[in-house]
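Please look over the sequence and the model shown here before reading on.

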Amino acid sequence: MNAPLERTWKTIESGPHNLEGSLHPVVVKNYGKWKYHKLIKPGVMVHYGLSGDALYTVRAGTPRQNTVDLVRGLCDLADQYADGFMRFTIRNSVEFMFAEESRIDPLIKDLEDMGLPVGGIANCVAPIAHTQGWLHCDIPATDASGVAKGVMDNLYDEFKTLEMPNKVRLSTSCCSINCGGQADVAIVVKHTRPPRIDHAKLSTLCELPKAVARCPVAAIRPTIVNNKRSLMVDEEKCIVCGACFGACPSMEINHPEHSQFAIWVGGKNSNARSKPQSMSLVAEGIPNNPPHWPEVNAVVGRILKAYKAGGKPWERMNEWIDRIGWKRFFEEAELTFEVDMIDSYRHARTTFNQSMHVRF
Amino acid sequence: MEDLKGAGSSGDEKDTGDNKGKFLNPTPILDELEGGKWPSFITGFKELGERTEKPMIRGVLDQLEYSYKTKMGYWKGGLVTVKGYGAGIITRFSMIKDKFPEATEFHTFRIQPAPGLHYSTKMLREVCDIWEKYGSGFINMHGQSGNLQLIGIEQAKTQECFDELNQAGWDLGGAGATVRTAASCVGPARCEQACFDNLKVHEKVLKNYAGMTHRPEFNYKMKFKFSACPNDCANAIMRADVALIGTWRDSIQIEQEYVTEWIDDNGEDALFDQVVNMCPTKAISHKIGTSTIEIDNKNCVRCMHCLNVLPKALSPGKERGASLLMGGKNTLKVGVNLGAMMIPFMKLDTDEEVEEFIELMDEIIDWWDEAGLDHERVGETIERVGMKQFLDAVGIEANIDMVVRPRDNPYYKKQYDSAV
């Protein structure tokens, strides 16, 4: 190998890319001076400025795991229709903005020809916020991109039509850390057995005190195995959270059969109507079954079907459930309440029913 | 797996068999993900692999196929970085490189986009060209923290690649125990509900903390998110240690003529069902037979619902600013924690006001750095040490908006003189 060339560039620690130069001219002109917006049709909205300007937005789903070829394709469309600008939503959709109403339909046609569905605005299923999975993560029990693809294949029509009571946000995550985040429906890996320890390698791969400190229930202790320093787990205490595996790869938490899926519902970030809320466990023990994850899809499908049929306009998932009660939610979604759905960790009593309020 | 090209070989030869003329190896399980209507990442990866014939793409797809087959992941971390930085590149070495030598290294650049994920095609084309030259050509848009992620590069090429990206105006994001890349909603760029210029504040704050983004020196991560109104489209309350969320202090602005227009279009029943009865504090009233509404602004909690339903008729008040909430985080280790109200209203319009916010953050980060345990997020530290102690240490005054109600236990004490 040749010796590397002498480095001449001096790093500029600039942080985020400058906003300047990244905004459409109509955006720059009306920045902070918008009046209102309205939905025109699925995936298309218009914003009106106090100036009287109109700005049209077309939103399309993407695979999230993109390539330079796909991004260049999006750039071509942005150059053709949106004066050389685009933006992305935090749920991985691409948005093109422009001032000419006549560009809407040709752009939609070109996007759909590229295989990118137009939709995802307002009361429909938005694309799934998800994690990296087997493609890139160092601690994944599944491939979130694959789960997301399979679930969105099934919910494709719900992305492109406006038939849900309010917006539906989904997430998938490849471990209980849940980088995919809180959502109306979240599909999250649940480990069901304590880590399996590789005593032969542990002391060379792991900083022992760090792994001990990482455990939230003090279940990890130093030990000696075959004359080597190692760690042991008090399996009675262990809550199978997987925190130690992040610090110590010799404490393998993933398992092809025992790392399963759990489904959570009712997470909400917005303050609209009800306060933001974290989500609740409603289904578990679902196998991690690539490449189509049919069992996951069946549960998510039943939950969304029940919400679609029962929710009132503007009710998010958690608000619909608050109105009808959890008992009826389980009935409507054809799910079974199980003892592990009663919290037994810290703050558990905040979820106990400390009242006589019961529906029969 | 033994018959795979690349497996156990140098990996450059194009091969034979029933996959003749193709650069990539067969990936029958992954190919299942090419069906269905939703855009397929596998199709994208395969097309890029066939066009560019990069061995890394072939090896990574082989390893991914193997993961799908065995239901296990095979990447391990490490410490790849660029000069002067200790974070920003996510290191990935294959744990099974003997099986898939072409997948030996697959590191990722996290780079920080402009706030609100706004791009010009010029910016993106530059990234694509640099990335295709040095890396795999896979681009994740975006990571859950808000990074533009360039997935797949070898260690030997990282410095040159970074230097070119840096010259084009890009910088690395955070990873590990650093200030992390931040996220913002679309903000005043395209939203009438924006109550402060979250994009400008995001840019200033994160540029200020660029050093702390690049060199891990904390107990754990520190995330900022900026949502311009309480709809919180950046998911700040749940996903950020420090959430700045826009709000207003005076009255909602009403244009009654557009309320009338809405009632004409949707009917009076819809006004009751979707607006009046959905107000969480019953602050909206409407007299049957009239075509207007009244809002009791003293009792409005700024939830945004009525503004979302009637965006043409209702707007946030004129005295706009932001609330500071702190402590949001997900599951690990104490469980989900939502950001808690610290400062209900701050102005963030001028450079001086943003500077003041940064000074407060400096205090908070210093306190957390001292008081926090290893791997403890600031919300966990505040809960463990005590809110009162936190407020005293960083100089935030207690206010009633911090609680949903005053405490229900009597276990506090006062200053006393032990000599008396």
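The sections below take up confidence, the contact between the chains, the sheets they share, and then each chain by itself.

## Model and confidence

The structure is a predicted model. For the complex, the predictor gives an ipTM of 0.96 and a pTM of 0.95. Chain B has a mean pLDDT of 94, and 95% of its residues reach 70 or more.

One stretch of chain B calls for caution. Over residues 1-17 of chain B, pLDDT stays under 50, and the model has 28 contacts beyond four places in sequence for this stretch. Where pLDDT is low, the predicted coordinates should not be read in detail.

## Contact between the chains

The contact between the two chains takes in 96 residues of chain A and 106 residues of chain B. On the chain A side, at least two residues each come from strand 1 (34-41), strand 4 (65-67), helix 2 (68-81), strand 5 (85-88), helix 4 (144-154) and helix 7 (208-214). Helix 2 of chain A gives the most to this side, with 8 residues. Sorted by class, the side of chain A that touches chain B holds 44 nonpolar, 36 polar and 16 charged residues.

Strands of both chains take part in an open sheet of 6 strands, with the order 1(A)-2(A)-3(A)-6(A)-5(A)-5(B) and antiparallel pairing. Strand 1 of chain A and strand 5 of chain B are its edge strands, each pairing on one side only. On average, neighbouring strands of this sheet are turned by 25° against each other, direction ignored.

B:Met141 stands opposite B:Leu148 of strand 7 of chain B.

## Chain B as a whole

Chain B has 14 helices and 16 strands. The C-alpha trace of chain B spans about 80 × 75 × 40 Å along its principal axes. Of the 420 residues in chain B, 51% count as buried. Among contacts in chain B with a separation of 6 or more, 65% are between residues 24 or more positions apart.

## A buried strand in chain B

How many residues of strand 10 of chain B are buried? In strand 10 (residues 242-248), 7 of the 7 residues are buried, so this strand is largely enclosed by the rest of the structure. B:Val242, B:Leu244, B:Gly246 and B:Trp248 point one way from strand 10, whereas B:Ala243, B:Ile245 and B:Thr247 point the other way.

Strand 10 of chain B has pairings of two kinds. With strand 9 (residues 224-227) of chain B, strand 10 pairs in the parallel sense over 4 bridges, and B:Ser227 stands opposite B:Ile245. With strand 15 (residues 320-326) of chain B, strand 10 runs antiparallel, joined by 7 bridges. In that pair, the bridge partner of B:Val242 is B:Met326.

## Domains of chain A

Chain A is divided into domain 1 (25-113), domain 2 (129-192 + 256-345) and domain 3 (196-252). Between domain 2 and domain 3 of chain A, the C-alpha centres lie 31 Å apart. The contact takes 6 residues from domain 2 and 6 residues from domain 3. On the domain 2 side, these residues divide into 3 nonpolar, 3 polar and no charged.

Technical notes
Residues are numbered from 1 along each chain as its sequence is written. Chains are lettered from A and ligands numbered from 1 in the order in which they are written. This is a predicted model: local features need pLDDT of at least 70, side-chain atom pairs count only at pLDDT 80 or more; totals for chains, interfaces and linings use all residues. Two residues are in contact if their C-beta atoms, placed from the backbone, lie within 7 Å. Ala, Val, Leu, Ile, Met, Phe, Trp, Tyr, Cys and Pro count as nonpolar, Asp, Glu, Lys and Arg as charged, and the others, Gly among them, as polar. Two strands pair if DSSP finds at least two bridges between them. A residue is buried if 20 or more other C-beta atoms lie within 10 Å of its own, exposed if 12 or fewer, and partly exposed in between; C-beta atoms are placed from the backbone. Axes are lines fitted to C-alpha atoms, for helices over the stretch in contact, and angles run from 0 to 180 degrees between N-to-C directions. Domain bounds come from an automatic or database domain assignment. pLDDT is the predictor's confidence in each residue, from 0 to 100.
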